[in-house]
Amino acid sequence: MKKVLVLGGTRFFGKRLVNLLVEAGADVTVATRGITQVDLPASVKRLTLDRDDVNSLAVAGEEQWDVVYDNICYSSQNAMDACKVFRGKVGKYVLTSTLSVYDYAEESLKEEAFDSYTYHIQAKTREEMTYQEGKRQAEAVFFQENAFPVVAVRFPIVLAEDDYTRRLYFHIQQVQEERPIGIPNLAAQMCFIHAQGAAQFLAWVATTSITGPVNACSDGTVSLAELMEKIVQIVGKPARIEQTTDDSDASPFGFVASFYMDNSKAKAAGFPFWSLDEWLPALIKNVNDEYTSEKA
């Protein structure tokens with residue numbers, strides 16, 4: 001039985017990951033600040049700690065772990081703290097990273113498009129850097145420090161009915177209420193992954209020999225124009241698309257250029273990604289049903 005620590009695992013794909021690990025027979029401990037109340041399998045142990053305080057994090061480093069999943073690492077300081085605390089204490093470290101480590105591009109982005117092995121490290125906290133820079137710095141620290149085997153899973157936007165950011169819901173609400181949606185470039189191509197697919201990938205990657213950065217996204221892309229058309233067809237109302245709007249009406253998917261990844265490294269290692277067309281239309285319908293139910 002593998003002994004697994006999940007830093008942050010009480011909502012969205014983190015909660016799904018915990019359930020998958022338990023189903024697979026792992027001995028799972030979840031470490032959080034203890035703020036979010038959530039039902040987890042009875043076998044799951046819990047640690048309460050502050051990820052931004054190395055002395056608090058050190059509590060988790062008092063034990064040996066086969067795998068550590070880090071869903072809440074947002075800066076070079078977070079990564080440095082983890083290297084200090086878990087050195088010699090973990091068989092494999094899985095960092096949840098992001099598409100955002102890359103810059104916009106009109107081609108599918110491969111892992112080498114951002115080289116975290118040579119990226120200049122600046123010791124800063126999450127408050128001192130952007131989300132993009134924080135994730136770049138975290139990767140750089142883990143790979144250059146080489147304290148233990150690390151895989152950085154680069155996810156695009158993750159979607160599901162329980163997305164607490166309600167990004168897809170925003171678009172459906174705007175169309176339903178005939179409000180404008182600010183999208184600067186309808187031709188921009190995007191990729192996504194479903195929260196369950198993200199959890200499945202995280203559970204799988206710890207069982208492989210993969211290390212280093214790895215992209216994880218559903219097969220296929222969709223332009224913002226195509227995405228809005230799918231929403232319009234399900235909602236049954238036209239969309240008011242404008243290039244510029246007030247911030248409150250700006251799309252959280254409003255990329256100025258294409259932004260999508262190549263997942264061939266993970267596929268070559270044997271992971272079967274879902275196709276975007278397999279789940280996105282059904283998700284749009286489910287979220288639209290949620291909106292309708294809330295307004296009833």
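## Close-ups of a predicted model

**View 1. Ser-97, a buried spot in strand 5.** Ser-97 is buried, at a relative accessible area of 3%. This is a predicted model, and the residue sits in strand 5, which covers residues 90-98. What does Ser-97 touch, not counting residues up to four places away in sequence? The list reads Lys-135, Glu-139, Ala-152, Val-153, Arg-154 and Phe-155. With a relative accessible area of 3%, Ser-97 counts as buried because the cut-off for that label is under 20%.

**View 2. The whole protein, for orientation.** Nine helices and 13 strands make up the secondary structure of the protein. Its radius of gyration is 20 Å, close to the 19 Å that the globule rule gives for 296 residues, so the protein is as compact as a globular protein of that length. Along the principal axes, the C-alpha atoms fill a box of roughly 55 × 45 × 35 Å. Buried residues account for 53% of the 296. If you take contacts between residues at least 6 apart in sequence, 81% of them join residues at least 24 apart. The accessible surface comes to about 13000 Å², with 48% of it belonging to carbon and sulfur atoms. As for charge, the protein has 29 positive and 40 negative charges, and their mean positions are 4 Å apart.

**View 3. The largest nonpolar core.** This core has 39 residues, and Tyr-69, Val-153 and Phe-201 touch the most other members. Two or more residues each come from strand 1 (3-7), helix 1 (12-23), strand 2 (27-32), strand 4 (65-70), strand 6 (150-155) and helix 6 (195-205). Which element gives the most to this core? That's helix 6, with eight residues. In soluble globular proteins, nonpolar side chains tend to be buried together. Another core lies apart from this one, with 38 residues, among them Leu-159, Cys-191, Val-222 and Phe-255.

**View 4. Phe-201 and its contacts.** Leaving aside neighbours within four places in sequence, Phe-201 is in contact with Val-153, Val-214, Asn-215, Ala-216, Ala-266, Phe-271 and Phe-273. Val-153 turns up again here: along with Tyr-69 and Phe-201, it touches the most other members of the largest nonpolar core.

**View 5. Helix 3, mostly covered.** Eight of the eleven residues of helix 3 (residues 76-86) are buried. They are Ser-76, Asn-78, Ala-79, Asp-81, Ala-82, Cys-83, Val-85 and Phe-86. What do these buried residues pack against? Their partners are strand 1, helix 2 (54-57), strand 4, strand 5 and helix 4 (131-145).

**View 6. Thr-221, in a loop.** Look for Thr-221 between strand 11 (212-215) and strand 12 (222-223). Is Thr-221 buried or partly exposed? Its relative accessibility is 37%, so Thr-221 counts as partly exposed. Leu-276 is 55 residues away from Thr-221 in sequence, yet their C-alpha atoms are 7.1 Å apart in space.

**View 7. Two loop residues with positive phi.** Asn-146 has a phi near 55°, which is positive in a residue other than glycine. You'll find Asn-146 in the loop between helix 4 and strand 6, exposed at a relative accessible area of 61%. Glu-178 also has a phi near 55°, again positive and again not in a glycine. This residue is in the loop between helix 5 (167-176) and strand 8 (180-182). Glu-178 counts as exposed, at 51% relative accessibility.

Methods. Residues are numbered from 1 along each chain as its sequence is written. This is a predicted model: local features need pLDDT of at least 70, side-chain atom pairs count only at pLDDT 80 or more; totals for chains, interfaces and linings use all residues. Side-chain values use heavy atoms; hydrogens and water are left out. Helices (H or I, at least four residues) and strands (E, at least two) are DSSP runs, numbered from the N terminus. The radius of gyration is taken over C-alpha atoms; the globule rule is 2.2 Å times the number of residues to the power 0.38. Buried means under 20% relative accessible area, exposed over 50%, partly exposed in between (1.4 Å probe, protein chains only). Contact means heavy atoms within 4.5 Å. Accessible areas come from the Shrake-Rupley method with a 1.4 Å probe; for residues, only the protein chains shown count as cover. Lys and Arg count as positive and Asp and Glu as negative; His and the chain ends are not counted. The place of a charge is taken as NZ of Lys, CZ of Arg, CG of Asp or CD of Glu. A nonpolar core is a set of buried Ala, Val, Leu, Ile, Met, Phe, Trp, Tyr and Cys residues joined through side-chain atoms within 4.5 Å.
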